[in-house]
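Hi everyone, thanks for coming. I'd like to walk you through one model today, helix by helix and strand by strand. Have a look at it first.

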Amino acid sequence: MTGVRRARLPVVLVLPAVVGLVFLLLPLVGLLVRAPWATLPQRLFSAEVGDALLLSLVCASLATVVCVVLGVPLAWLLARSDLPGRGVLRALVTVPLVLPPVVGGVALLLVLGRRGLVGQYLDAWFGVSLPFTTAGVVLAEAFVAMPFLVISVEGALRAADPRFEEAAATLGASRWLTFRRVTLPSVLPGLVAGTVLCWSRALGEFGATITFAGNYPGETTTMPLAVYLALESDPDAAIVLSVVLLVVSVGVLAGLRDRWIRGAA
Amino acid sequence: MTLDASIRVARGDFRLELDLTIAPGEVVALLGPNGAGKTTALRALAGLVDGGRVAVGESTWDGLPVEKRPVGVVFQEYLLFAHMTALDNVAFGLRARGMPKAAANAAALEWLHKVGLVEFARAKPRTLSGGQAQRVALARALATDPLLLLLDEPLAALDASTRLKVRSDLGRHLRDYPGHTLLVTHDPLDAMVLADRIVILEGGRVVQEGTPAEVVRRPRTDYVAHLVGLNLYRGWADGVEVSLADGGRVTVAEPVEGEVHVVFSPTAVGLYPEQPAGSPRNTWPVTVVGIEQHAHTTRVQLDGTPAVFADITTATVADLRLEPGDRLWAVLKATEIHTYTV
């Protein structure tokens with residue numbers, strides 16, 4: 001580049017770019033400016049915030065575990081099997097990604113609700129009712145977050161060279177052993193990125209959770225729900241909760257970027 | 001027990017029909033141009049594609065999936081598992097077959113010792129050189145004690161300077177291996193130096209089969225003649241002097257001892273109407289037997305001790321007015337001759 005003077009950047013592009021940047025960052029700045037810094041520590045350690053934060057972290061982590069246990073094999077099936085209609089299946093898996101979460105919540109209620117397609121049998125046979133419970137929160141979050149994991153892992157699997165799996169097979173490894181010892185380690189960066197994305201999506205889940213699991217403090221009131229509730233009664237509390245979520249999100253993003261950079265090196 | 005394989009693969013317009021017989025301890029080279037079906041044949045034998053029927057004595061492998069076949073494969077780019085150490089790579093097949101970890105590691109270490117890489121046991125594949133990676137891949141393939149060893153272009157990924165050394169090391173390991181070996185290559189030199197028998201595949205069919213010497217002496221098609229356009233002899237070396245098995249002697253640049261392959265390109269042979277002055281060391285009288293026109297050069301088949309092929313430019317043909325029966329002097333520079341210990 002040295003010695004070469006580039007033409008001035010075109011205003012038509014720069015102006016909207018700057019507006020876009022301000023639009024994205026200003027609300028975050030506003031959040032930090034208006035935060036009640038003086039009372040922050042005492043609010044932060046109040047039982048209300050503590051409960052909601054703990055519930056959020058536990059539910060998001062459990063939802064992520066569900067997503068990994070079910071989503072990684074699903075991603076493998078989509079990437080490696082010669083299943084008929086694989087393309088349709090792949091499209092269907094991504095539907096929750098574009099579906100409004102509230103609709104997801106309604107759909108979950110229709111299937112797993114006490115009168116739902118599957119829920120009525122769960123209730124009648126096992127006495128299990130999922131809606132409006134902590135387990136319901138986990139399910140709602142997993143429903144919304146799983147596509148992020150599946151897409152990320154499937155992409156990594158499809159980029160991985162299948163000849164290594166053939167090499168493992170010639171050495172006598174079964175498909176399961178090959179998957180564990182050869183395939184999975186080679187897609188680890190994709191799996192980590194997918195897991196983190198999945199977790200942060202679960203952490204921020206609102207629509208499906210409030211529809212399917214309701215809003216019971218200590219049981220189903222996660223951080224995003226608490227923010228929404230507090231906004232009506234105690235705006236300062238809402239800001240504090242929001243700042244906490246912001247910090248967690250940025251922390252996750254930083255961790256993820258670090259992982260990506262290391263993965264590329 | 002002899003291994004009999006019958007390979008039938010059809011893919012679109014391409015049909016591969018190949019019958020192979022490999023004796024225990026024998027190294028058969030499958031030689032041919034790209035697209036001849038060599039790698040497909042290897043994959044069929046390994047069970048990676050359908051169409052490879054294999055019988056060894058009483059047992060057949062027809063219904064066996066890849067992981068149940070007693071084969072070891074050295075892949076073209078070695079395909080070492082990047083996240084495992086060299087030791088774990090070599091131990092992988094043993095672990096997969098149910099050997100306890102300690103025993104598998106001990107056996108793997110033994111193999112690394114055999115290929116001279118014991119000090120690299122803890123190294124990750126990306127830190128190994130091409131030649132070292134090839135030796136780890138060979139150890140990995142042999143560690144499971146396979147009945148059939150399949151090598152897919154084992155030297156193609158190496159640069160010319162390491163290829164020589166790695167080739168002769170590979171030859172040594174193949175001679176120690178008691179099982180059946182199939183070597184797939186497009187490099188005639190690999191085939192001639194490493195194999196006991198060469199099967200030449202063209203367009204999915206065998207066009208010629210025989211010992212390296214037979215194939216070189218009597219190439220059956222133009223393609224084979226061009227492909228194996230090398231002067232190859234067996235001989236006995238004593239320092240820089242090599243006595244050739246079929247008569248004649250050559251002087252080489254690097255001293256060697258014992259039984260050797262002597263190889264040089266036809267382009268390394270110069271032809272003169274009179275005995276050259278100053279008498280270079282490798283000079284002998286020859287008689288023109290045949291002249292063959294190729295795209296850019298002319299190949300002259302010469303009788304003498306030893307008999308030899310020479311590639312000369314068309315201008316030289318005109319200068320010398322070559323005709324069968326002409327008597328000439330062949331001259332060969334010692335530095336142009338490669339030797340491989342047998």
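Let me begin with one pair of helices: α4(B) passes α5(B) in a right-handed crossing. By right-handed I mean that the near helix is turned clockwise from the far one by less than a right angle, and left-handed would be anticlockwise. Helices here are DSSP runs of H or I with at least four residues, strands are runs of E with at least two, and both are numbered from the N terminus.

Before going further, some housekeeping. This is a predicted model, in which local features need pLDDT of at least 70 and side-chain atom pairs count only at pLDDT 80 or more, while totals for chains, interfaces and linings use all residues. Residues are numbered from 1 along each chain as its sequence is written, and chains are lettered from A and ligands numbered from 1 in the order in which they are written.

Back to our pair. The axes of α4(B) and α5(B) come within 10 Å and cross at roughly 15°. Axes are lines fitted to C-alpha atoms, for helices over the stretch in contact, and angles run from 0 to 180 degrees between N-to-C directions.

Who meets whom? From α4(B) we have B:Gly130, B:Gly131, B:Gln134 and B:Leu138, and they meet B:Thr162, B:Lys165, B:Val166, B:Leu170 and B:His173 of α5(B). Contact means that the C-beta atoms, placed from the backbone, lie within 7 Å. Sorted by class, the residues of this contact are three nonpolar, five polar and one charged. For the classes, Ala, Val, Leu, Ile, Met, Phe, Trp, Tyr, Cys and Pro are nonpolar, Asp, Glu, Lys and Arg are charged, and the others, Gly among them, are polar.

Helix α4 (residues 130-143) of chain B has another partner, helix α2 (residues 86-96) of chain B, at an angle of about 20° and with the axes 7 Å apart. So α2(B) and α4(B) are also roughly parallel to each other, and their crossing is right-handed. Among the α2(B) residues taking part are B:Phe92 and B:Leu94, and the α4(B) residues include B:Val136 and B:Arg140. This contact divides into seven nonpolar, two polar and one charged residue.

Now the sheet in chain B. In what order do its six strands run? They form an open sheet, β6-β7-β8-β3-β9-β10, with mixed pairing. Strands pair if DSSP finds at least two bridges between them. At the edges sit β6 (71-74) and β10 (205-210) of chain B, each pairing on one side only. Neighbouring strands are turned by 20° against each other on average, direction ignored. Inside the sheet, β3 (residues 27-31) and β9 (residues 197-202) of chain B pair in the parallel sense over four bridges, and B:Leu30 has B:Val199 in β9(B) as its bridge partner. Helix α1 (residues 38-46) of chain B packs on the sheet, and its direction makes about 150° with that of β7(B).

Two backbone details are worth a click. B:Thr305 and B:Pro306 are joined by a cis peptide bond, with omega about 0°, and B:Pro306 lies in the loop between β15 (298-304) and β16 (308-312) of chain B. B:Glu153 has a positive phi near 45°, in a residue other than glycine; this residue is in the loop between β7 and α5 (160-176) of chain B.

Over to chain A, which has 14 helices and zero strands. Its C-alpha atoms fill a box of roughly 80 × 65 × 35 Å along the principal axes. Helix α3 (residues 47-80) and helix α8 (residues 134-159) of chain A pack at about 35°, their axes 6 Å apart, and α3(A) passes α8(A) in a right-handed crossing. That contact has 23 nonpolar, two polar and four charged residues.

Finally, how do the chains meet? In chain A, 14 residues are in contact with 16 residues of chain B. The helix α9(A) gives the most to that side of chain A, with six residues. By class, the side of chain A that touches chain B has eight nonpolar, four polar and two charged residues. Thanks, everyone!

How values were computed. Two residues are in contact if their C-beta atoms, placed from the backbone, lie within 7 Å. Angles under 35 degrees count as roughly parallel, over 145 as roughly antiparallel, 65 to 115 as roughly perpendicular and the rest as oblique.
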